[in-house]
Amino acid sequence: MKILGAGSLHLIYALLVLLHMQTSIGSNSTTTDDGVKCIERERQALLTFKQGLVDEHGRLSSWGSEEEKKNCCEWEGVQCSNITGHITMLNLTTYSYDLQFILRGNLSPSLFELQHLIYLDLSGNNFNLNHIPKSINSLNKIKHLDLYYCNLSGSLPSQLANLTSLQYLDLSYNNFNSVKNLEWLSRLSYLEYLDLSEIDLGKVNNSWLQVLNKLPHLTNLSLYGCNLQDAIPQYFPIINTSSTSLIQLGLGSNNLTTSAFLWLFNFSNSLVSLDLSSNQFRGPIPETFSCMTLLEELFFLSNQLEGGIPKSFGNLCKLRYLNLYDNHLDGMLLELIGNLSGCLQLSLEVLYLGENKIKGPLPDMIKNFHSLRMLSLFNTQLSGTLPESIGLLSNLEFIYISSNSLNGTISESHLSTLSKLQVLSMSSNSLSINFSNDWIPPFQLDVIFLSLCKLGPKFPSWLKSQRKFSYLDISGSEISDSIPKWFWNLSSRAVHLNLSSNHIYGILPDLSAQISNSFGLRIDLSKNKLEGQLPVFPVNVTSINLSENRFFGSISSLCTITGGKLEFLDVSHNQLSGKLPDCIMQWTSLVILNLANNHLFGKIPSSIGSLYHLESLGLQNNSFSGEMPQSLRNCSALQFLDLNSNSFSGKIPTWIGERLSSLIFLLLRSNNFSGGIPLQLCWLTNLTLLDLSNNNLSGNIPSCIHNLTTLAQQESSSHDHYFIETFANYEYEVSYVDKASVMWKGMERDYENGNLKTLRLLIFQATN
């Protein structure tokens with residue numbers, strides 16, 4: 001994954017080069033005035049290229065053979081020389097477009113007939129695993145080639161070595177084969193920008209270093225996820241002074257160890273941005289980093305660094321961004337902050353220290369870091385109270401101090417001067433949020449994470465002023481109140497609302513008119529005291545959890561969810577009644593469906609077979625009847641199927657074993673199933689829990705049941721279900737764990753989380 005800082009540099013550098021190219025080769029706006037027409041052979045080459053593309057939204061609608069479109073110098077993305085008429089620039093990047101404008105299809109060799117191209121950018125399009133044509137060597141004048149994220153494959157053609165005028169080359173994030181030789185790069189001696197991220201360079205050993213030594217003009221180098229090996233020989237020669245022009249270096253997500261420092265410190269006098277994230281660096285942070293006096297960004301997250309921060313770091317007067325997240329750093333926070341208190345405290349804007357073993361309270365001296373925009377101390381061992389001096393950091397935009405042992409009260413004086421604050425993350429501490437009822441904060445928050453902080457008993461009135469938030473989590477915050485009407489009118493940008501595990505009561509309004517955004521909504525109001533009928537939700541909702549409340553009536557209001565994005569629906573442990581409607585066929589993205597512990601009845605509609613992505617189906621403790629619908633066999637992704645305590649009848653279908661091979665939990669207890677136990681159940685080799693008790697089954701237990709060795713011998717892997725959420729430009733996983741009730745030795749026990757994963761049971765008792 002590209003770190004945000006490095007990705008920004010990629011885009012900024014590309015834009016600067018583009019501006020330079022435009023001034024040097026002319027723009028298409030002058031072609032008409034000067035009467036310049038494109039070369040017919042080049043026009044035909046572009047039309048042939050277009051024929052191999054799928055352009056669903058007409059991005060290339062200006063490209064055509066009609067008379068009024070004959071001058072290709074006026075086509076979208078095309079620029080010609082206003083002297084010769086040759087095409088010199090083709091810019092079809094999708095950076096400035098939505099995903100729907102991506103071009104798909106073939107990378108036609110005809111494109112490389114444009115032998116006067118100086119600038120070619122196809123980044124972000126989808127070329128269906130095409131190879132780079134060998135005819136690329138005809139572009140011997142090209143200076144800028146960007147094929148970033150184009151879904152290309154195959155081997156890198158050796159003909160790239162003929163592009164000796166190249167200054168900018170980006171081949172990153174494709175599906176190329178492993179590279180065994182990089183010698184061709186040494187011929188591109190004018191290169192200033194090089195990005196080969198996600199290309200496997202593990203087989204080139206250390207020759208990549210020798211090649212870099214032959215690129216004297218290189219200023220930007222990105223080799224993220226290239227499987228660079230851990231050993232750099234101590235005898236490796238010092239880089240020539242002509243090669244120490246490197247400004248930005250990204251080596252994240254490799255297998256580098258501390259031996260790499262010997263090479264890195266050759267660039268002490270030039271490096272501005274250095275990314276060593278997700279490698280194998282161990283031990284203390286070397287003092288030698290203090291020699292990198294021009295350094296502005298240092299990414300060291302997700303390594304195994306130990307100890308503290310060297311005191312010499314305080315002398316890095318230009319350092320703006322320091323990311324040491326997810327290491328093994330320890331010691332007192334007071335000492336670490338103290339070691340940063342030289343001229344660095346005037347420049348530092350972003351400080352990530354989360355996921356380390358740092359102890360103690362946040363020291364008062366933090367107030368001296370006047371430029372600080374982001375402070376991340378998530379999941380350290382932070383303790384004590386939060387000093388009011390944090391309110392002196394007037395530039396602060398992001399506070400991440402969740403999952404610590406902080407205590408005490410957060411008052412208005414902590415936050416009243418933080419007018420730029422966008423993210424307030426204090427969840428999972430022993431904090432009490434105590435603002436006066438009429439306080440209007442000076443900020444507009446985008447993210448509010450205050451889970452397990454004390455905000456109640458009244459619903460926090462200060463939220464009334466927050467009209468732009470996207471994420472809100474105030475679960476478990478001791479609120480014993482109804483949700484005020486103004487809350488639902490707050491933010492049309494909301495994508496994540498979690499008010500679960502409180503004592504919230506009342507009736508929910510029609511939410512379809514209150515919350516509307518194009519990204520989808522995840523809402524969790526579970527474990528409260530809400531009542532009334534289920535509300536109407538926005539059509540594009542993605543996750544609904546209303547479990548453990550007091551809702552009653554039909555679930556037909558959910559039929560308005562037609563956006564095709566719904567992945568999660570849990571309305572279990574309520575008082576809902578009626579039949580399961582046919583409209584469930586609209587929820588084709590559904591992964592979790594939990595309707596357990598309600599008063600639902602009738603047959604399961606055959607439309608349930610449309611839920612091809614369904615992994616967990618919980619219908620237990622209702623009054624469903626009839627046979628299991630045969631269409632359920634289409635739900636081949638099912639891992640958890642709980643039909644306990646209903647009135648299902650008929651034979652246990654053989655297709656359970658034939659088609660639902662992913663099943664891990666199968667619970668059919670307390671129904672009216674009859675006949676024998678089908679042999680096909682023996683085919684469920686992943687099964688760890690099978691309960692057929694209290695039915696009308698007859699005959700013998702199949703001997704092949706003994707073949708279900710998973711039950712008795714194998715260790716169970718995680719059975720969690722994962723969902724991807726995006727937060728602050730990162731994707732992260734949200735998990736859901738199944739729950740089951742098992743009758744064993746006359747006692748009913750509930751299992752969830754870890755204890756369900758370790759359960760191994762076959763239960764057949766109380767059958768005929």
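Trainee: Which residues do ring pairs link into a cluster?
Mentor: The model is predicted. Its aromatic pairs come to a count of 27. Among the rings, one cluster joined by ring pairs consists of Phe261, Phe265, Phe281, Phe289, Phe300 and Phe313.

Trainee: Why is the pair of Phe261 and Phe281 stacked?
Mentor: The two ring centres are 4.9 Å apart. Planes under 30 degrees apart count as stacked. The planes of Phe261 and Phe281 stand at 15°, so the pair is stacked.

Trainee: How many residues apart in sequence are the parts that Phe261 and Phe281 tie together?
Mentor: Both residues are buried. Phe261 belongs to helix H5 (residues 261–264), whereas Phe281 sits in the loop between strand E13 (273–275) and strand E14 (282–284). The pair therefore ties together parts separated in sequence by 20 residues.

Trainee: Is Trp462 buried or exposed?
Mentor: Trp462 pairs edge-to-face with Phe435, at 5.4 Å between centres and 80° between planes. Phe435 lies in the loop between strands E26 and E27, and Trp462 in the loop between E27 and E28. Buried means under 20% relative accessible area. Trp462 has 5%, so the residue is buried.

Trainee: Which are the edge strands of the open sheet of nine strands?
Mentor: The order is E30-E32-E34-E36-E38-E40-E42-E44-E46, with parallel pairing. An edge strand here pairs on one side only. That applies to strand E30 (505–507) and strand E46 (696–697).

Trainee: Which residue in E38 stands opposite Gly578?
Mentor: Strand E36 (residues 575–578) pairs with strand E38 (residues 599–602) in the parallel sense, over two bridges. In E38, the residue opposite Gly578 is Leu600.

Key. Residues numbered from 1 in each chain as written. Predicted model: local features only at pLDDT ≥ 70, side-chain atom pairs only at ≥ 80, totals over all residues. Heavy atoms only, no water. Phe/Tyr/Trp six-rings, centres within 6.5 Å; stacked < 30°, edge-to-face > 60°. Helix = DSSP H or I, 4+ residues; strand = E, 2+ residues; numbered from the N terminus. Buried < 20%, exposed > 50% of the residue type's maximum accessible area, 1.4 Å probe, protein only. Pairing = 2+ DSSP bridges.
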